[in-house]
Amino acid sequence: MPALEPSLDDIEDIINTDDVTPQERYKNKNKVIPKIHRRKERVSGSRHKEDVVADSVIPGTQSIYVKTWGCSHNNSDGEYMAGQLAAFGYKITDDWEDADLWLLNSCTVKSPAEDHFRNEINKAQQKGKHLVLSGCVPQAQPRAGYLQGVSAVGVQQIDRVVEVVEETLKGHTVRLFGQKKSEGKKIGGARLDLPKIRKNPLIEILAINTGCLNQCTYCKTKHARGELGSYPIEDLVERARQSFQEGVCEVWLTSEDTGAYGIDIGVTIVDLLWKLVEVIPEGCMMRIGMTNPPYILQHLEEIAKILNHPRVYAFLHVPVQSASDSVLMDMKREYCQADFKRVMDVLKERLPGVTIATDVICGFPTETEEDFEETMELVRQYKFPSLFINQFFPRPGTPAAKMPQLDAQEKKKRTKQISVLFKSYHPYDHKLGERQNVLVTEVSHDKQYWVGHNKFYEQVLVPKEDGLLGKMVEVEIISTGKHYMMSKIVKEKEIFTPSVATPLAQGEISGLPKKVVVDSHPHRFWFPLSVILVGAAIIYELIRIARQLVQR
């Protein structure tokens with residue numbers, strides 16, 4: 001029987017009988033010229049930071065700057081990646097200049113968004129920053145010239161972001177773009193119980209599925225997110241329940257098409273929504289994300305009932321893109337104008353006051369003046385309170401990019417025309433003087449007001465009094481604008497706290513048991529896993545250095 005390999009109890013044990021003896025080592029000492037690493041001092045404002053020259057990188061000790069563009073699904077991915085990195089020990093920072101590595105999470109819907117992404121890559125490279133890319137741009141076009149030689153993590157590989165960052169900091173390039181599968185079938189993506197850092201501790205962004213069943217000719221996102229992959233209902237319900245236990249009071253359901261949820265796993269969006277409603281605490285609210293008309297049509301009656309539930313916002317985002325049947329056919333949207341109008345009419349009849357937001361694309365390659373006028377007429381008819389107006393940009397690799405394009409000035413003209421129409425009406429004037437219950441979850445851009453939403457997910461500005469964030473308050477509407485209502489607090493009414501627990505602090509990691517969080521900076525340490533991993537990495541590096549010294 002061969003002798004067992006001795007265990008390594010101490011770093012001294014790596015020296016064996018075949019190694020150089022201490023006497024031989026000391027005998028040659030006068031021939032050794034030590035290499036001196038000089039420490040350079042860098043001044044940044046009033047702070048002094050030393051650049052330590054070392055032969056190794058200790059993972060989990062650097063600072064990471066995370067920037068995300070795009071939809072709420074992309075924002076959820078960004079939150080998950082930041083959470084995992086922080087749980088491992090990395091410091092998540094808003095100081096891009098001081099960060100050791102930049103993680104840029106991209107959007108591929110529009111050309112301007114990709115242009116911003118490309119500019120940030122150039123900026124990081126010019127400043128000599130380590131760089132990791134994520135999101136839909138690298139996933140959809142990994143061979144793009146400006147992405148070469150840069151580490152990337154795919155949209156279904158966000159649970160491996162720590163590995164990619166670690167290797168990148170060591171000077172390696174790592175690119176992971178594979179899909180998550182179970183029994184050979186695509187699934188929703190990375191686990192939902194991963195650590196995350198919510199941008200807003202009061203709001204949980206819950207991705208219920210990834211990809212879609214459509215083949216829209218203008219869409220680049222399909223190239224990145226792929227075919228439909230849905231999470232099981234029980235996983236989504238459990239994630240929602242956990243979020244509420246962490247002080248969340250509002251849940252946003254998101255995906256590329258919420259209406260298509262579950263078709264791949266034999267359930268429906270209605271099945272999921274009724275299960276989620278059961279775990280929403282009193283006073284907390286759920287917002288249903290974007291759905292395309294084809295898959296919501298068959299569920300209209302049930303959707304109306306769900307939107308009428310007191311803990312669900314009476315709000316739905318249904319993109320029409322064009323009111324012309326011929327253009328919709330060229331876009332391969334799989335519905336006609338009459339289908340969209342049926343969605344509008346049924347929901348407005350069942351839910352008076354319901355908010356339906358929509359999108360339009362101006363200047364699609366085959367859109368004529370007559371086609372565009374049909375879209376204008378649709379806006380005049382329904383006076384959408386929320387209308388996302390997009391000038392058409394051909395996205396590389398899409399069928400629409402290969403079509404003969406309209407003149408750029410014509411596209412701009414149509415975009416301006418519909419923008420003028422949208423600005424011509426004021427959807428909230430009739431609500432002046434109303435009393436409304438609003439859930440306060442955000443701060444206005446100018447920092448002067450709290451931002452709340454009423455039952456119809458209409459934006460209400462609330463006086464910035466102490467203690468209102470995360471509360472349900474009754475207000476009176478005192479003035480209205482195009483996109484908001486201004487209010488005053490009804491003093492005689494009690495302020496209600498919907499959260500079942502104290503919300504996490506800004507930057508605190510979601511999904512970690514409180515009892516294992518140590519130190520006064522919970523975002524820096526996750527005990528025991530991150531401590532064990534960092535400790536193991538340090539031991540590994542010490543052993544490696546010792547072996548190099550022995551070989552000399």
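In which sense do strands S16 and S17 pair, and over how many bridges?

1. Strand S16 (residues 315–317) pairs with S17 in the parallel sense, over three bridges. Pairing requires at least two bridges found by DSSP. Phe315 stands opposite Thr355 in S17. Strands here are DSSP runs of E with at least two residues, and helices are runs of H or I with at least four, numbered from the N terminus.

2. This is a predicted model: local features need pLDDT of at least 70, side-chain atom pairs count only at pLDDT 80 or more, and totals for chains, interfaces and linings use all residues. Residues are numbered from 1 along each chain as its sequence is written, and side-chain values use heavy atoms, leaving out hydrogens and water.

3. S17 (residues 355–362) is mostly covered, with eight of its eight residues buried (under 20% relative accessible area, 1.4 Å probe, protein chains only). Thr355, Ala357, Asp359 and Ile361 point one way. Ile356, Thr358, Val360 and Cys362 point the other way.

4. S17 also runs parallel to strand S18 (residues 387–391), joined by five bridges. Asp359 stands opposite Phe388 in S18. From S17 the chain crosses through H13 to S18, and this β-α-β crossover is right-handed (clockwise from the first strand over the helix to the second, with the strands pointing away from the viewer).

5. Helix H12 (residues 337–350) packs against helix H13 (residues 369–382) at about 5°, with axes 13 Å apart. The two are therefore roughly parallel (angles under 35 degrees). Axes are lines fitted to C-alpha atoms over the stretch in contact, and angles run from 0 to 180 degrees between N-to-C directions.

Methods. Parallel < 35°, antiparallel > 145°, perpendicular 65-115°, else oblique. Buried < 20%, exposed > 50% of the residue type's maximum accessible area, 1.4 Å probe, protein only.
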